[in-house]
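Visitor: I am new to this structure. Please take me to one part and look at it closely. I would like to start with the aromatic rings.

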Amino acid sequence: MKFRVSLLTALLAVPVVSVHAAALQRTDQNVDYLFERGNYFEIGTGYVRPSAKGTFLDMGGNNTGQDTGNITKSFNPWMGAIKLQPTERLSLAFAYEQPFGVTDKYRPSALSNVGGMEAETLAHSFTALAGYRTANNFWVYGGPAYYTVNGSLTLPNLGYRLEVPQGGGWGYVAGVAWEKPDIALRASLTYHSSAKYSKQAKEQFGAGSPPQSSEFTFKMPQSVNLDFRTGIMPKTILITGARWVNWKQFKLEPKGYQQALQTELVSFSKNSWEYKLGVGRQLTDKLGGQVLLTYDTGTGTPVSPLNPTNRSYGIQIGGKYQVSDNVQISAGVRHLWFKDETTSVKPFGTKIDASQFNRTRALGVGVKLGVHF
């Protein structure tokens, strides 16, 4: 069974659709650009519109009847990568993406401890990779990754504000892969290490009190991606994979908040697993299409008010058009449906429900331009 590898590979250039379920995740941190032929450049963007509407719960866990509003803002992710092929076996790449983030804004409510809460943060990652392919198509690759992040959080009903200054930390990426080009097969295993952030953050309790500076440290979560694809019949590819993220490792524990309330600001009780299964199909000499189903286990309970989502199901539909031998445009749309959840906080070790969310969902669209040169 022989395949037109260049066109079938094109089916797997999934466009930027940066909408994911677990915790603060916005991308799956894939390194597919490294496997593109020759010298290659890509740039992509998207638009994500989440919908997370709920009702506030009072200190006793009773429904107040007050709407939270749609607490999540729409956002526009960006990514880019350049890959160079200095020799037949050696590949070099540099990539940028926005892997983690949150943009929340609750309506004011005097009946809930999260009434009026606002939070915004965005992480940027810069990754440099070197990959070596042996004569039997076995790959080994890796390199450093640098993450930067800044953000802020306000809890008006507690009189609390946190300012996280711009800072960064180093991690690394390491992986192995094997390809069998005549049947469009590729299996890859990629590890992203954690990266430590440590800066002087400013905290304020009460409108009239001066901000206090203290060391604020946390780790970006480590993760593992397993991806597999293979031709299953002429012009058709099977796509599957799994992603594990160590969210139990991620804790936000500002010193002042922890001392005042004897609890962390953000933590997760479980690590997340995301699974995907789909098919790609060559439709014409220049056009390919793809359908992908996803399932995410979420990060367990209690659910943080910062991200009132947990388990989810999703579908992604995408296509790619080969403009010329060296230029390709891909586009896609992804929809996620989330399990209904109740968020909670835990001051002084006592769990208090804060809000209840039903029919949470998210819609994302993305486009990507790829150029071989």
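Visitor: Does F250 count as buried or exposed, and at what relative accessibility?

Guide: F250 counts as buried, at 4% relative accessibility. Buried means under 20% relative accessible area, exposed means over 50%, and partly exposed lies in between (1.4 Å probe, protein chains only). A word on the basis: this is a predicted model, where local features need pLDDT of at least 70, side-chain atom pairs count only at pLDDT 80 or more, and totals for chains, interfaces and linings use all residues. Residues are numbered from 1 along each chain as its sequence is written, and side-chain values use heavy atoms, with hydrogens and water left out.

Now the rings. The whole structure holds 19 aromatic pairs. Rings of Phe, Tyr and Trp (its six-membered ring) pair if their centres lie within 6.5 Å; planes under 30 degrees apart are stacked, over 60 edge-to-face, and the rest tilted. Strands (E, at least two residues) are DSSP runs, numbered from the N terminus. Y160 is buried at 2% relative accessibility. F205, at 31%, is partly exposed.

Back to F250. Its ring pairs with that of F218: the centres are 5.8 Å apart and the planes at 75 degrees, so the pair is edge-to-face. F218 sits in strand β12 (residues 212-220), while F250 sits in the loop between β14 (236-245) and β15 (251-252), so the pair ties together parts 32 residues apart in sequence. F218 is buried too, with a relative accessible area of 7%.

Another ring, that of F75, meets a charge. The charged end of R26 sits over the ring, 3.7 Å from its centre. That label needs NZ of Lys or CZ of Arg within 6 Å of the ring centre and within 35 degrees of the ring normal.

One last stop is a sheet. Four strands form an open sheet, β3-β2-β22-β21, with antiparallel pairing. Two strands pair if DSSP finds at least two bridges between them. β3 (63-70) and β21 (341-345) stand at the edges with a single partner strand each, so one side of each has no neighbour in the sheet. Strand β2 (residues 53-57) is joined to β3 by four bridges. L57 has N63 in β3 as its bridge partner.
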